[in-house]
Amino acid sequence: MATKFEILFILFASFSSFLSSASSSVASDDINQWCNKTPYPEPCKYFMSNGSHNFVPKQKSEFRKMAMQIAMERALNAETHTKWLGSKCRNELEKNAWSDCLKLYESTILQLNNTLDPNTKCSDFDAQTWLSTALTNLETCRAGFIELGVSDFMLPLMSNNVSKLISNTLAINNGSTEKQTYKEGFPAWVSPGNRKLLQSSSPAANLVVAQDGSGNYKTIQAALDVAAKRSGSGRFVIHVKSGVYKENIEIGNKMKNIMLVGDGLKNTIITGSRSVGGGSTTFNSATVAVTGGGFIARDITFRNTAGPQNHQAVALRSGSDLSVFYRCGFEGYQDTLYIHSQRQFYKECDIYGTVDFIFGNAAVVLQNCMIYARKPMSGQKNTVTAQGRTDPNQNTGISIHNSQVLASSDLKPVLSSIKTYLGRPWKQYSRTVYLQTYLDTLVDPTGWLEWDGNFALNTLYYGEYKNSGPGSSTSGRVKWGGYRVISSSTEASQFSVANFIAGQSWLPSTSVPFTSGL
């Protein structure tokens, strides 16, 4: 027979268990309430309720932090798994795509870490940029396997929820409404010191590269190797004298604030010939690739000579946050300029290509640039842009302001037989605007081209504002749900340097001139 003490103990235990199940059900109700506000509630509920997160957020800021921490944990887990999968690659093509994924996961973790690090003092606008980049990286990792035709084996093994978890953090964080301003022709994020460097006739160089032996080094790579060993991360200027430099260069995450200064875009040329046709991924085909923050290039041409028959072949890829290109040239055919991710600004640049030759998912403004469509392969159409926004909360897009779209000398004789379009939607939420830009006769009256049937036609955002020239009439333009002729300066100014890339906060330091508004 049970004693009074035993009966009391049983009652206490069952009451405790009732309390704990009641409180856990209240907790899971609270978590469900938060997670139901995200685009992907199921992985949110699963990871918030399991693991080390025995904590119910009371405020949006707590929920946001928790969601970012979970995304970070799962990304670290996915990175470890991806490294382990290396030995499973069955051939060189799978190995090429897999090695891109390692770099891209490393960058994704860096972006998430920046948003979580209390010492970063990151604004909502910064966070939205870095989370947008984190998501773009994972999309690029997948794309490599698909481009090289080897998606059947490795991709299913790499499947995870990280993209959905990052999409959730983007949705929670959205609502950043910071305005950008301009000073002396550059966005404000260009500091006064960097503005001087961009505008001075010959900025003082830390190192000089010259093929004739008159500098410190004969190759750009040798100079970068020295820059990588410097202490601190202050601005480091490398003067690259006239010459054609056959080098493939990568300026990685740890190499911040590098500046390459040439002797003019017709004189200093960096050239390579990697391509998808030659077995590289688009991501790894770049002649010059830069991810270290604060990169500046001035008076240099970046070239890829693989030719149209080798398909995607990138001259320059930038995933450098707050990067600036001033009086630079970009020469290629398909996929010339890969504006991969982060915030970027191009001023007085010349860009040449055929198919999707300005593409990627950065928040980018091109101002006072000359954009030349070249003669494509037989049967191809020219498309100037292919913007790659995959999530409606990414703060990314291409803004082409006060520029010119023209036919290059090889296209002019065959203009009547080749159609050229302003862009096509590479991804679901593709976003591109042309503002106060001269569009020559090469631009087809419909203006824009489908990617694949009805894909993205209602979810894209394509706009034209006060353009001029014989190709600028909007009367025959496409009738898609997402296309608009922008009539209000308020709507157009969302895509100015000031507003779209928060230029006032960083461009002044680069000394590159910029126009802040329209």
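Predicted model: local features only at pLDDT ≥ 70, side-chain atom pairs only at ≥ 80, totals over all residues.

User: What makes Cys35 and Cys44 a disulfide?

Analyst: A disulfide here is a pair of cysteine sulfur atoms within 2.5 Å. The sulfur atoms of Cys35 and Cys44 are 2.0 Å apart. That value is within the cut-off, so the pair counts as a disulfide. In general, such a link is a covalent bond between the sulfur atoms of two cysteines.

User: Why is the disulfide of Cys35 and Cys44 called left-handed?

Analyst: The torsion about its S-S bond is about -70 degrees, so the link of Cys35 and Cys44 is left-handed.

User: How do you know whether Cys35 and Cys44 are buried or exposed?

Analyst: Buried means under 20% relative accessible area, exposed means over 50%, and partly exposed lies in between (1.4 Å probe, protein chains only). Cys35 has 0%, so Cys35 is buried. Cys44 has 6%, so Cys44 is buried too.

User: Which other cysteines are joined, and what does their link tie together?

Analyst: Cys101 is joined to Cys141, with 2.1 Å from S to S. Cys101 lies in helix H4 (residues 92-116) and Cys141 in helix H5 (residues 124-147), so the pair ties together parts 40 residues apart in sequence. Helices (H or I, at least four residues) and strands (E, at least two) are DSSP runs, numbered from the N terminus. The torsion for Cys101 and Cys141 is 95 degrees about the S-S bond, and this link is right-handed. Cys101 is buried at 0% relative accessibility. Cys141 is buried at 5%.

User: How many disulfides does the rule give, and what is their pattern?

Analyst: The count comes to 2 disulfides. Counting bonded cysteines along the chain, the pattern is 1-2, 3-4.

User: What keeps Cys122 and Cys369 off that list?

Analyst: Cys122 is in no disulfide, and its nearest cysteine sulfur, that of Cys44, is 20 Å away. Cys122 has a relative accessible area of 23%, so Cys122 is partly exposed. Cys369 is in no disulfide either; its nearest cysteine sulfur, that of Cys349, is 4.7 Å away. Cys369 is buried, with a relative accessible area of 0%.

User: What makes a space a cavity, and how many are there?

Analyst: On a 1 Å grid over the protein atoms alone, a cavity is a set of points where a 1.4 Å probe fits but cannot get out, and lining residues have an atom within 4 Å of a point. The count is 1 cavity of 30 Å³ or more. The largest cavity has a volume of about 50 Å³. Pro43, Cys44, Phe47, Met48, Ala67, Ile70, Leu165 and Asn168 line it. H2 gives the most to this lining, with 4 residues.

User: Why is a pocket something else, and what does the largest pocket hold?

Analyst: A pocket is an open set with protein on both sides within 12 Å along at least five of seven lines. About 500 Å³ of space lies in the largest pocket. Of its 28 lining residues, the closest to the centre are Trp130, Lys256, Gly293, Gly294 and Asp321. H4 supplies the largest share of the lining, 4 residues.

User: Why is Thr287 called buried, and what does its side chain reach?

Analyst: Thr287 has a relative accessible area of 0%, so Thr287 is buried. Thr287 lies in the loop between strand E8 (268-272) and strand E9 (288-290). Its side chain reaches the backbone nitrogen of Gly272 at 3.3 Å.

User: How do you know whether Thr510 is buried or exposed?

Analyst: At 2% relative accessibility, Thr510 falls under the 20% cut-off, so Thr510 is buried. Thr510 is in the segment after helix H11 (497-500). Thr510 and Asn174 are 336 residues apart in sequence and 28 Å apart in space, C-alpha to C-alpha.

Key. Residues numbered from 1 in each chain as written. Heavy atoms only, no water. Polar contact = N/O pair within 3.5 Å; in protein donor to acceptor, adjacent residues only side chain to side chain. Points joined across faces, edges and corners; volume = space filled by probe spheres on them.
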